[in-house]
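Hi,

Here is the model I promised to pass on.

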Amino acid sequence: MIFAIDVGNTNIVFGGVHKNSTTAFLCRISTDTDKTEDEYAVQFKTLIDLNGCDCHDFEGGIISSVVPQLNHILQKAVEKVIGHTPLIVGPGIKTGLDIKIDNPAQLGSDLAVGAVAAMALYPHPLMVIDMGTATTICVVDKDGIYRGGIIAPGVKVSMESLTKNAAQLQSIGLYPPKKAIGTNTADCMRSGLVFGNAAMLDGLIDRMAQEIEGTPTVIATGGLASSIIPYCSHDIILNNELLLIGLRIIYDKNT
């Protein structure tokens, strides 16, 4: 088993992943650039124990991060907990992806990891939706070539921007109203956020599908996916373990 960590701007998702790409456990904690390596080590150790695992069970570790200032801190924290220095997805790491974008060096490690996992698990062509601080969609064509994708504001980022800049709008819970036409301010906002984001995804899938050959398999992951994907009209597979599985695959390619 390896210790796999996906570091996002809002949350850090980590867990134990076996050789066969099944997950022993999955945890989510807040991303905090002010925490020390010791504080992260305590959190990792506590949650490993709570999930009935032993720190000696891990043969190694790997980190994907979009928060570079945490890379060294988390690397040291993991080393303290499992006794192995984890790999970090970045330059020099083999992913097996055939990337055909303007500048492959600009591809975020989270997008690469998600694409690697999706290619191993699902038929091509495919699209991977990741719903976190940003909503991203990446596209792999029928030949397994990474073609690019989109980046849009995340659901909570949109809500926070709306409540910050509109004096009479307050923060709301992220669950759908009973109908699209809201009859009060809160339901109007919920309709815009939930149904609006679902409609955006449906429209983007349709537009991007026109630019590739074949009918794409669509997979969604990320902390907010379960709040939005059920209201999309497309058949979308929810897989919250996708990035951890991708990290296991990349770990195996590099060890």
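This is a predicted model: local features need pLDDT of at least 70, side-chain atom pairs count only at pLDDT 80 or more; totals for chains, interfaces and linings use all residues.

Residues are numbered from 1 along each chain as its sequence is written, and side-chain values use heavy atoms, with hydrogens and water left out.

On to the pockets (open sets of points on a 1 Å grid over the protein atoms alone, where a 1.4 Å probe fits, with protein on both sides within 12 Å along at least five of seven lines; lining residues have an atom within 4 Å of a point). Grid points are joined across faces, edges and corners, and a volume is the space filled by probe spheres set on the points. The second largest pocket comes to about 320 Å³. Its lining has 15 residues, with Gly90, Pro91, Pro104, Ala105 and Leu107 nearest the centre.

The largest pocket has a volume of about 880 Å³. It is lined by 42 residues, and Asp110, Asp130, Gly132, Thr133 and Ala134 are the closest to its centre. (Helices are DSSP runs of H or I, at least four residues, and strands runs of E, at least two, numbered from the N terminus.)

Now the sheet: five strands make an open, mixed one in the order S3-S2-S1-S4-S5. S3 (23-30) and S5 (87-88) are at the edges with a single partner strand each, so one side of each has no neighbour in the sheet. Pairing here takes at least two DSSP bridges between two strands; S1 (residues 2-7) and S2 (residues 11-17) run antiparallel and have six. One of the bridges there pairs Asp6 with Val13 in S2.

Lastly, which loop holds Asp141? The one between S8 (134-140) and S9 (145-153). Asp141 is buried, at 8% relative accessible area (buried is under 20%, exposed over 50%, partly exposed in between, with a 1.4 Å probe and protein chains only). Beyond its neighbours within four places in sequence, Asp141 has contacts with His124, Pro125 and Arg147, contact being heavy atoms within 4.5 Å.

Cheers
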